[in-house]
Amino acid sequence: MMKRLLTSFAVIALTVSAAVAGVKWHSADTLPLLGKCVDHASTSLRYQRIPDSLQSQVKRPYLFTLGKNSAGMALRFRSDSPSIHARWKSVFSNKMNHMTLTGTRGLDLYMLQPDSTWTFVQSARPDIYKADTETCVITNMEPAMREYMLYLSLYDGVDSLYIGTDDGYGLQQPAVSLPAAGDPIVFYGTSILQGGCASRPGMAHTNILSRRLNREAVNLGFSGNGQLDLEIARLIAATPDPSLVVLDFVPNVNYEQIDTLMVPFVDIIRQSHPTVPILVLEDPDYPTKRFDTTVKQPCDNRRRLLREKFDMLQARYGNMYYQPTVPGMLGKDAEQSVDGIHFTDVGFLRYSDALQPIIQSILSTQ
């Protein structure tokens, strides 16, 4: 039995080696990048969400580290190659006990369909033991020109990134702008918004909504650090022409932070974007809230204060929207999370289903 297993592993290894040999590698540096709201010159890494200048400004150093995670970013390209390969280096080699490595620091490949929708092709799973990964994402396809989107890691950074094609086949700039670049929806929030704990990058709800709405999405989710830092408000204010700003920070803030920081945070955004719609979301209903007696009262108190501050801001500025957490919004079976808080793919799909019509309605009135 052991001999047969070793033989099988040897055959698999030879197959992988044969697939990787004869690969032509293309730097991803010149490909269109979706989901980044700052200029490339302001960041030391191309796939970095916040500028280097914030390192000395933010009060909590981990916020800047999280800004080097590539959550919500995606590359667009086209190729006629029967195989697509990926080679990349993870910045931190993060590992988490409640999230897959594919979601944490893997990549995720999607293909554009004739009806302009996107379909999942295959994920690029990272090397377990080292920061550098080289892998065949998909192979044995019929050679034909196809449009692709490659989502980047949710809970790690991406340093060097190359896309491989079979010898004799090329990699080109995309022929169509889907999702439409520019006028992005800017999402600000917490670990859930960053993508915790999607099994793969394409399943974070900001990425799901971007595909469904054909809109570029900027993911400014910072795990445990969506605490209304005014430096991030200035970053949102500096984002060119957002179509919508979604504020989903409640799971990371306490009563005092809502009381003292929510109004200044929105004031900063409104100084640059006086008419852009702003959607404020309550925190989701956590399954553990039904049993843990210490959870419900603080949640209720935060929601009451959140609504008070929202009403004040709405009276001051207008064009603001408030979405309460509706019972059953994430299903009635309490199966949306991995740990009572962070979403599984089921949770992200349900959250996307709930938010999509709300966002569509807002955008249709602008």
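Mentor: Cysteine 197 counts as buried, because its relative accessibility is 7% and the cut-off for buried is under 20%. Cysteine 197 takes part in no disulfide: the nearest cysteine sulfur belongs to cysteine 299 and is 18 Å away, whereas a disulfide needs the two sulfur atoms within 2.5 Å. The count of disulfides for this predicted model comes to zero. Cysteine 37 is buried too, with a relative accessible area of 12%.

Five strands make up an open sheet with parallel pairing, and their order is 12-11-13-14-15. Strand 12 (215-221) and strand 15 stand at its edges; each has a single partner strand, so one side of each is left without a neighbour in the sheet. From one strand to the next, the twist averages 20 degrees.

Helix 9 (residues 345-364) packs on this sheet and touches strand 11 (180-189), strand 12, strand 13, strand 14 and strand 15. The direction of helix 9 makes about 150 degrees with that of strand 14.

Strand 14 can be followed through its pairings on both sides. With strand 13 (residues 244-248), strand 14 runs parallel and is joined by three bridges; here valine 245 has isoleucine 278 in strand 14 as its bridge partner. With strand 15 (residues 320-323), strand 14 (residues 278-281) pairs in the parallel sense over four bridges, and valine 280 has tyrosine 322 in strand 15 as its bridge partner.

Strands of a sheet pair through backbone hydrogen bonds, and the pairing may be parallel or antiparallel. This open sheet has four strands in the order 1-9-4-7, with antiparallel pairing. Its edge strands are strand 1 (23-27) and strand 7 (132-138), each of which pairs on one side only. Neighbouring strands here are turned by 25 degrees against each other on average, direction ignored.

Methods:
Residues numbered from 1 in each chain as written. Predicted model: local features only at pLDDT ≥ 70, side-chain atom pairs only at ≥ 80, totals over all residues. Heavy atoms only, no water. Pairing = 2+ DSSP bridges. Helix = DSSP H or I, 4+ residues; strand = E, 2+ residues; numbered from the N terminus. Axes fitted to C-alpha atoms, helices over the stretch in contact; angles between N-to-C directions. Buried < 20%, exposed > 50% of the residue type's maximum accessible area, 1.4 Å probe, protein only. Contact = heavy atoms within 4.5 Å.
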